[in-house]
Amino acid sequence: MFQIVVERLNDVGSKKEVAKLPKRASARLTSTKQVSVKVRATKSPRDVDSWRHDNVGRLMNSAIRRFEARVLELMKEAGYKDTRISHVNLTRNLDRPGTRVTELAKRSAMTKQAMGELVDQCVLMGLVERVPDPADGRARTVRFTKAGLEWLDEFRKAVDQAELEMSDEIGQPKLESIRAGLAKYGAKHDALRPGD
């Protein structure tokens, strides 16, 4: 790793030269006597963008896409060929007793309108139904139908199978480490965490 040390602002030169430094460095060049700026070392022009392919966000995204593709494949094998990831986004956030559309939208980071359309699709598939909210007769909640609960059980089996296959590939200790690390890292943003 390269390190650039700037002793004092007036040692750097004019404001034009300061602006050529990375923004984080120039923001720190106020009246401090010493500023350290770490620059990622690169070996070739191709490596300049390597961070875009090996950062943890990209790796998690690739892993989730593979995992979800396998779950959908297993759902097709179980007879649920119409299942899409968007449907899973609804059902993974739906409480068994029922949940209001506004809460589903919040948990899924979707607009209420988009979630309403997704609920409509799942109603047509027979997975969920809209019923009066027992706490407020003017509102409606979405809940699983009997067929939806059967779908949910098959989905659980598909997730278990995909996790088993992942464990076989990377090893159970690594899988448990990944699970624990992700649970800790994402706990603040988990919409279904107990106590929320």
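Here is a short tour of the protein shown above, from its overall make-up to a few individual residues.

This is a predicted model, in which local features need pLDDT of at least 70, side-chain atom pairs count only at pLDDT 80 or more, and totals for chains, interfaces and linings use all residues. Residues are numbered from 1 along each chain as its sequence is written, and side-chain values use heavy atoms, with hydrogens and water left out. The protein has 10 helices and five strands; these are DSSP runs numbered from the N terminus, with at least four residues (H or I) for a helix and at least two (E) for a strand.

**Overall picture**
- Of the 196 residues, 26% are buried (buried is under 20% relative accessible area, exposed over 50%, and partly exposed in between, with a 1.4 Å probe and protein chains only).
- Looking at contacts between residues at least 6 apart in sequence, 50% join residues at least 24 apart (a contact means heavy atoms within 4.5 Å).

**Helix H9**
- Helix H9 covers residues 146–170, and its 25 residues reach 36 Å from first C-alpha to last, close to the 36 Å expected at 1.5 Å a residue (the expected span is 1.5 Å times one less than the number of residues).
- Its buried residues are Gly148, Trp151, Leu152, Phe155, Ala158, Val159, Ala162 and Ser167.
- An α-helix has 3.6 residues a turn, so residues three or four places apart point the same way.
- The cover over the buried residues of H9 includes H5, helix H6 (85–91), strand E5 (136–144) and H10.
- Gly171 follows H9 and has a positive phi, near 100 degrees.

**A nonpolar surface patch**
- Val56, Met60, Ile170, Ile178 and Leu182 form a nonpolar patch on the surface, with about 400 Å² of accessible area together.
- Patch residues have over 30% relative accessible area and no salt bridge; like charges are joined within 9 Å, and nonpolar side chains (Val, Leu, Ile, Met, Phe, Trp, Tyr) within 5 Å.
- A salt bridge here is a side-chain nitrogen of Lys or Arg within 4 Å of a carboxyl oxygen of Asp or Glu.
- Helix H5 (56–77) and H10 each supply at least two residues of this patch.
- Val56, which lies in H5, is exposed because its relative accessible area is 60%.

- Lys106 sits in helix H7 (residues 101–108) and is exposed, at 64% relative accessible area.
- Asp190 belongs to the segment after helix H10 (172–186) and counts as partly exposed, at 37%.

Technical notes: Accessible areas come from the Shrake-Rupley method with a 1.4 Å probe; for residues, only the protein chains shown count as cover.
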